[in-house]
Amino acid sequence: MTGIIRTSWHNAEVLSNQRWTERLLTLRIKTEPLPFIAGQFVTLRLPITTDGNTELVAKSYSLINAPEEAVLEVFYNIVPNGKLSNALAGLQAGDSLEISQPAKGFFVLDEIPKVPNLWMIATGTGLGPYLSILKTAQPWERFQKIVLVHGVPLVNELAYPDLIQGLLAEHPQQFHFISCVTREANPEGLEGRITTNLESGALEQAAGTHISAEDTHVMLCGNHNMLNDMKELLAKRGMQRHLRHKPGHITTEQYF
């Protein structure tokens, strides 16, 4: 049968496993050239032995690096009792794992309709695909205003601050970054959930631009609660999910 893209597995070497917090890490790995579009994901796989039984455990993760960067990066969190995430956290430089090819997913700018303003809203490790996209030239050439929103429980979970500050310095009129922290004070941003700050008007005030069905596309990446609540709030503004056969205003990627 034609048209079926089969997954192949390739060996990869761990270069580093940076720990941001007790539960948030960035895995940097090297493998043979891996073509992908910024925003896509790959699957990582490891053999894991439990009670004497070994099984191959796999999970999908978005890539954070730009497509032209040789080193692959994955931003991940340790899930309680999660077999793969705990195994990944134990990897050290020189260790090996498997990575799938080709990369997959439609959470890419090629799927976004033409509008002047783009909002990229994330919780937790949902930040990852946005960083890959923002490292490329495409968003800066396409959009007049780009707003990146990152919601986390604690300030120290606001990962990649140097990269984000670099983007702000490079695109001061075009790019805005807003952090939302739910469990403690946030001197550099907003406090409370992203949805709460949208309802109160604080989110748009901080961005200096509004979310409107007429001129805005919203990308949502993170936990299902945020996605569901944001879609409900945006629906009140006449904004609906974007589909290829039915253009809309919202593109989503759910992180479990």
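The model is predicted: local features need pLDDT of at least 70, side-chain atom pairs count only at pLDDT 80 or more, and totals for chains, interfaces and linings use all residues. Residues are numbered from 1 along each chain as its sequence is written, and side-chain values use heavy atoms, with hydrogens and water left out.

- β7 (residues 117-123) pairs with β8 in the parallel sense over seven bridges (pairing needs at least two DSSP bridges).
- Within that pairing, W119 stands opposite V147 of β8.
- β9 (residues 175-181) runs parallel to β8, joined by seven bridges.
- V149 has I178 of β9 as its bridge partner.
- From β8 the chain passes through helix α4 (residues 161-170) to β9, a right-handed β-α-β crossover (clockwise from first strand over helix to second, with the strands pointing away from the viewer).

**Largest pocket**
- 30 residues line the largest pocket (an open set of 1 Å grid points over the protein atoms alone where a 1.4 Å probe fits, with protein on both sides within 12 Å along at least five of seven lines; lining residues have an atom within 4 Å of a point).
- T123, T125, G222, N223 and Y255 lie nearest its centre.
- β4 supplies the largest share of the lining, four residues.
- Elements that each supply at least two lining residues include β8, α5 (194-200) and α7 (224-235).
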